[in-house]
Amino acid sequence: MVVASIELLNEAGTAAAIVYAHGASASGPWPPHDVPTRESVDEWLAAGNNPTPYAPPAAASMTKLYKSTVWRRATEAEAEIIDQQLSAAPARLRRLWDDSTILDHSAPEFSALAAGFVGAFGEARAAELLAPEM
C-alpha cells in the first residue's frame with residue numbers, strides 16, 4: 001500500500017494520494033469521482049460559494065467526579081460527617097453511593113446527594129467537595 005501511495009502521489013498528485021491513504025478503493029477508476037480537483041474547487045468558488053470555516057467541536061462539559069476525589073478533598077472531620085450522613089441515607093441512595101465509582105452531576109440522584117452536602121457543609125464547601133473533574 002505504501003508503494004501504491006507513492007506511485008499515486010507521483011501520478012495523480014497529493015490530493016489523490018491523501019484520499020487513497022484514508023481508505024479510498026483502488027478497484028474502481030482512479031481518482032474516485034468525489035475527489036475534488038483544483039479546477040473543480042476554483043469553479044465552485046467562482047460560482048459564489050464560500051467554504052464553511054472550520055469550527056472545532058464544543059468542549060464537553062465536565063459533569064463527573066470520582067468518589068475517591070471527594071474523600072481526598074474532605075478533611076478528616078468532614079469525612080466522618082459524610083460517613084455518618086451516608087449511614088443515615090435511604091437504602092437506594094446509600095447503595096448508589098456504595099456501588100458507584102463515579103458521581104455524575106447529571107444523574108437524577110445527584111441533587112439529593114448534593115443537598116445533603118450543602119446541609120452538612122454549606123453551599124461553598126459542598127461545591128468544592130463535589131466539583132466535577134471530568
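Analyst: Let's start at the spot just after H7, where Gly122 takes a positive phi of about 90 degrees. The model is predicted, so local features need pLDDT of at least 70 and side-chain atom pairs 80 or more, while totals for chains, interfaces and linings use all residues. Residues are numbered from 1 along each chain as its sequence is written, and side-chain values use heavy atoms, leaving out hydrogens and water.

User: What makes a stretch a helix or a strand, and how many of each are in the protein?

Analyst: Both are DSSP runs numbered from the N terminus: a helix is H or I with at least four residues, and a strand is E with at least two. By that rule the protein has 8 helices and 2 strands. Read from the N terminus, the order is α-α-α-β-α-α-α-β-α-α.

User: Why is Ala79 called buried?

Analyst: Buried means under 20% relative accessible area, exposed means over 50%, and partly exposed lies in between (1.4 Å probe, protein chains only). Ala79 has a relative accessible area of 17%, so the residue counts as buried. Ala79 lies in helix H5. Across the protein, buried residues make up 20% of the 134 residues.

User: What makes Ser61 exposed?

Analyst: The value for Ser61 is 59% relative accessibility, so Ser61 counts as exposed. You can find Ser61 in the loop between helix H3 (38–46) and strand E1 (64–66).

User: Which residues is Ala79 in contact with, leaving aside neighbours within four places in sequence?

Analyst: Contact means heavy atoms within 4.5 Å. On that basis Ala79 is in contact with Trp71 and Ala74.

User: Why is Ala74 called buried?

Analyst: Its relative accessible area is 13%, so Ala74 goes into the buried class. Ala74 sits in the loop between H4 and H5. Not counting residues up to four places away in sequence, Ala74 touches Ala79, Ile82, Arg125 and Leu129. For Ala74 and Leu129, the gap is 55 residues in sequence and 6.7 Å from C-alpha to C-alpha.

User: Which residues of H5 are buried, and why are they said to share a side?

Analyst: Glu78, Ala79, Ile82 and Leu86 are the buried ones in H5. They cover an arc of only 100 degrees around the axis, so they fall on the same side of H5. The arc is that of the directions from the helix axis to the C-beta atoms. The face of H5 turned away from this side carries the exposed residues Glu76, Ala77, Gln84, Ser87 and Ala88. The buried residues of H5 pack against helix H4 (67–73), H6, H7 and helix H8 (123–129).

User: What about H7: which residues are buried there?

Analyst: In H7 they are Phe110, Leu113, Ala114, Phe117 and Phe121. They cover an arc of only 95 degrees, which puts them on the same side of H7. Ser111 and Gly119 are exposed on the other side. Cover for the buried residues of H7 includes H4, H5, H6, E2 and H8.

User: What makes the lining of the largest pocket divide as it does into nonpolar, polar and charged?

Analyst: Ala, Val, Leu, Ile, Met, Phe, Trp, Tyr, Cys and Pro count as nonpolar, Asp, Glu, Lys and Arg as charged, and the others, Gly among them, as polar. The lining residues come out as 8 nonpolar, 1 polar and 2 charged. Helix H6 (91–99), strand E2 (102–104) and helix H7 (110–121) each supply at least two of the lining residues.
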